[in-house]
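I am opening a notebook on a structure that is new to me. The entries below keep to what I looked up, one topic at a time.

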Amino acid sequence: MTVVGGAVINLALVVLLAPLFDGVIRKLKALIHSRKGPPITQPYIDIFKLLAKEDLQPGGGVLFRAAPVVSLAAILVAAMLTPMGSAPPLGVGGDAIVWIYILSLAAVAVMLGAFASGNPFAYAGAGREMMMLLSVEPIALLAILTGVVKAKTLLLGGILDWQLANGPSVSMVVAGIAFFLALQANVGRLPFDIVEAESEVAGGPFIEYSGPRLALCKLAFYIRQMVFAFALVSLFAPWPAVPSYPLSLLISLLKVLVVLVLVGLIDSVVPRLRIDQSMTYMSRVLFVALGAVAFALIGV
Amino acid sequence: MAIFTSEQLLYAAFGLFLIGAAVALLFGREWRRIGYTSTAFMLLASLMLWMLASRVFTSGAVDAGPIFALKPIGASLEFRIDALSAVFLLVTPFIGLVAMLYSVEYMNKLHHAYSPRLYYGFILLLLFSVVGVVTSSDLFFFFVFWELMTLTSWMLVWFDREDETKVRAAWQYFIVTHVATAGILVSALVIYSHSNSFAFTDVSKVLGTLSESNRALTHLLMGLFLVGFMTKAGVLPFGAWLPNAYPAAPSPASSTFAGTMTKLGIYGVVRVAFGFFPAELSIVWGVVIAVLGAGSIFVGTLTALRQDDTKRLLAFHIIGQTGYMLLGIGTGLFFLTKDPVLGAIALVAGLYHVVNNAVYKPLLFMSAGAAEFAAGSRDLNKLGGLGAAMPITLTTAVIAALSIAGIPPFNGFASKWLIYQSTIEGGIGVPLFLLLGVVAAFVSLVTLASFMKFIGSVFLGKPSPLAKGVRSEVPLAMTVPQVALAAVCVVAGVVPFLPLTVLYKAASSVLGTAMTATQTEIFGSNPAAITLSMNGEVFGVWNPAYILAALILCSVGAYALSRVADARRREVPSWYGGEEVADNEVRYRAHGFVLPFKEAFAAVYPTIRLPKMPALKKAGKILDFDRWLYKPVVDMGGRMVDRLSRTHIGIPQVYMLWQLIGVIVVLAVLLAVLRA
């Protein structure tokens, strides 16, 4: 019963709060741009509006129609595998590797939907999505492997417990830095919003989506943001250890908010990189992540 | 229940293969009819072998023979089917069967000009020799079957004799594999000189004593064996023939190769490295095998990403995928003595990947074949949008692509997951394996990129000019095999308990007393999940039932959300940024997919330019059979035919003159004979 209960809590958290956090980022960006900006509830309003709009389909078949559904579902499953204030509720179903691969299932769904739409912008966007995945995922993997070497388990809950029991260590701090440097790309924010890049490929994989299916894509985007932020704070900065679950959840949520505010700050002050520049940047971050694993292997 | 004894089952299967091949070679005239006849023989033989395999799993290894013995050289035709052989007896006939059913319509349409005798005859002989290789327990006859397998597959690569590049690929395959097989032969003979027997049991005994007295020689023998097997399996740098030879064979033959023959290279590696050689060699060769495997993964897959021909792309992926198997097996060999449980996990992981790969790789060749069947091309840049007319092929191709890319919950993920687990767990003690595991995980994404390109540019998107004429799905005899393989991909991924039970038995039969832990101790007590432990603590867990259930529930929820306001749906044309252009003008070609990434890794598989040396050039000329053997013979034949055709000038009088001369000659001969 705890599995189901915990899973429902995680799901409810991300579905209900992720749009709010995005609203905060939008407000923040507006303030930096000296605009008034939309109310922080604007993402909810957007989603409700889109749900009732017309659903346009350029042919494309089942894959095109199913892609946003599968993509959102995969990210929701990843949310259940993510530690939020405690060990992940679905931890009995999968470990860190499953977490990473479920998230890539979401990307695969987006790409297949893009190909199915038959739009060349979508095809270009799918290629970019693939390249981002290629350059970013190894960093996330290595950062988590640092924790695996330390905690001697692949369970995300086990890494969290180890962190709480042992306090900060050099290797985990370095791994956390690497994870943070790749976070901006993982959540699809500037300077790495190369996949959608409205001014270049007009929304990339999502160009042909409209109405309720676009609402699903947007929701998936918001939730993805929150899942990665939670992974960062739970795996690399889970302190202080609080015995009460509600309190530790509240503290984690505050930390997630701080992380997302940072993400929003970076998002509003930097221009977009080209895909090759982004890959060069990521290959450097990869060395930081490799360094973290090396530190962990020598025991610091 | 036991109508047949196990021996009879095996001999019956052998007999059915041989009779089937004889029927095809003698009476094969009409493509379809002989195709179905051969499939029937194949089905019967497969049933026998499956019954045999299930007996081995329930009641232990089966010995058969000797049928006859070559006393003077101490070789005898004996068979021993243990659980490892039984795994291959389950998988290889299944792949052979579905590929043969697939070839009925495919060959009839695309290779109608050739005679069906050779095709079906040699495919059946190939499977005959495959079964012989995995069952024989005598090194001499193992070698005989191995050689028969090479020759029959060579004939199939050579099938399309009109095309010069295909003929060259066939010769390259022939020469490279024979050079490598010579290594196995030399090894076998050296062992024979010490043991005076070819039986597997004697061989391992002799190697045990030999490693005490002459360690260097044992290492050399192991190296020769492995090079021979790895060449067949397609491990770089020995497998360079593979990307040329596989595309040259007809698609169903490539499927059969991918599902049976390359896997036997791995069978050889496991049999020899674990069964023959003593454990003292395991650490060195474990590292060698694992590193070669990881190198193959990296180079093979990154090169595959750059291919624009469907079958060539798939052939490079064989190199990459074989790397995963060897990574698992090498890790298993390395930890054989240090940490037997981890070693067993890694070995099972490698074998699991062998089985999974034997299912999805032939399926991918069938997808490529279906595209060629329907649209007549293998060029990724020219194909496109076939999925609209071919929904079944599209679905099975997507399942196969996600399987090979290791996306949950399909079977490729389960085996890759186990490989990552074992390399990571091993890597905590021996960092090299952590690095190899990370390489494998990264390249798994490259595989994904490559198959996104494959699916995206063959089946999805707007129809290309080539695909415009395609209106219907491929025939039933081609979809049934694809659906069967795709179903196995799903089941073997969602219910890992079934394959793991079988593979655990296979691993224990290879490891013998070295296997100390029970299946429950290794994979956890929950049959729905794989739970790995380290020092009593849970190390990793993969429960496809939970994840799949969560995924389905969330999908239903997401779909319900999208329909909550009951939004209207409308079909519209694609939006090209406001411009009105024909679909074909704005097609995005496969070559451009992830281009910056491809360019960054372009140097991985360089074309080696050798310095010009006259001696080498001469040697090359000598080795170039085409030039001094094949071409002169063909030219001579051509000249003869020319000369003959000069007599045919189409004037009736000349023909009458020939006839008259002929009659006179016949009469003269008759007279001469009668006189005498």
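How many bridges join β5(B) to strand β6 (residues 537–542) of chain B? I found five bridges, and the two strands run antiparallel; strands are DSSP E runs of at least two residues, helices are H or I runs of at least four, and both are numbered from the N terminus, while two strands pair if DSSP finds at least two bridges between them.

Before going on, I note that this is a predicted model, in which local features need pLDDT of at least 70 and side-chain atom pairs count only at pLDDT 80 or more, whereas totals for chains, interfaces and linings use all residues. Residues are numbered from 1 along each chain as its sequence is written, chains are lettered from A and ligands numbered from 1 in the order in which they are written, and side-chain values use heavy atoms, with hydrogens and water left out.

**Entry: the hairpin in chain B.** I saw that Leu532(B) stands opposite Gly540(B) in β6(B), and that Asn535(B) takes a positive phi near 50° in the hairpin, which has two residues between the strands. Strand β5 (residues 530–534) of chain B is largely enclosed by the rest of the structure, because four of its five residues are buried (under 20% relative accessible area, with exposed over 50% and partly exposed in between, for a 1.4 Å probe and protein chains only).

Entry: I looked up Ala96(A), which is found in helix α4 (residues 96–117) of chain A and is buried, with a relative accessible area of 3%. Leaving out residues up to four places away in sequence, Ala96(A) touches Ile144(A), Leu154(A) and Leu156(A), where contact means heavy atoms within 4.5 Å. The C-alpha atoms of Ala96(A) and Leu154(A) are separated by 5.6 Å, although the two residues lie 58 residues apart along the chain.

**Entry: where the chains meet.** I read that 70 residues of chain A are in contact with 70 residues of chain B. Tyr101(A), Tyr123(A) and Leu134(A) supply 12% of the area that chain A buries against chain B, more than any other three residues; buried area is the accessible area (1.4 Å probe) that two parts lose on being put together, summed over both.
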